[in-house]
Amino acid sequence: RRILAEVDQKIHFVRSADIVNPERLMQTCIDHLELLEALKRRDKELASEILIRNIDWGRKNVESAIKDALIRAHMSV
């Protein structure tokens, strides 16, 4: 729990900027639901695949999400 809380704290800005995109929100929800099902079935391989897919997809989108968030923050000043 402590590690997850630390990770959550470190990526909060990116997550809050990234999740405003409806497509990203939908994909994140789908991935998390699939991950929960895989964990319930104790399917480590599938859970790992889902996590890797989610992280890779997020990594590809994070740069544009940060740029958009910084632009919005700058415009509201």
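I take buried as under 20% relative accessible area, exposed as over 50%, and partly exposed as in between (1.4 Å probe, protein chains only).

The model is predicted: local features need pLDDT of at least 70, side-chain atom pairs count only at pLDDT 80 or more, and totals for chains, interfaces and linings use all residues. Residues are numbered from 1 along each chain as its sequence is written, and side-chain values use heavy atoms, with hydrogens and water left out.

**Salt bridges.** I looked for a side-chain nitrogen of Lys or Arg within 4 Å of a carboxyl oxygen of Asp or Glu. I found 4 salt bridges in the structure.

**E37 and K40.** I looked up this pair in helix α2. K40 is exposed at 64% relative accessibility, while E37 is partly exposed at 38%. Both sit in helix α2, 3 residues apart, about one turn of the helix. I also noted a network: salt bridges with shared partners join D31, E34 and R53.

**R53 and E34.** I read 2.6 Å between the closest N and O atoms of this salt bridge. The pair links distant parts of the chain, 19 residues apart: R53 is in helix α3 (residues 44-75) and E34 in helix α2 (residues 22-40). R53 is partly exposed at 38%. E34 is partly exposed at 33%.

**E6 and R2.** I found their side chains in a salt bridge at 2.8 Å, N to O. They are about one helical turn apart because 4 residues separate them in helix α1 (residues 2-18). I have R2 as exposed at 57% and E6 as partly exposed at 32%.

I use DSSP runs, numbered from the N terminus: helices are H or I, at least four residues.

Definitions and conventions:
Helix = DSSP H or I, 4+ residues; strand = E, 2+ residues; numbered from the N terminus.
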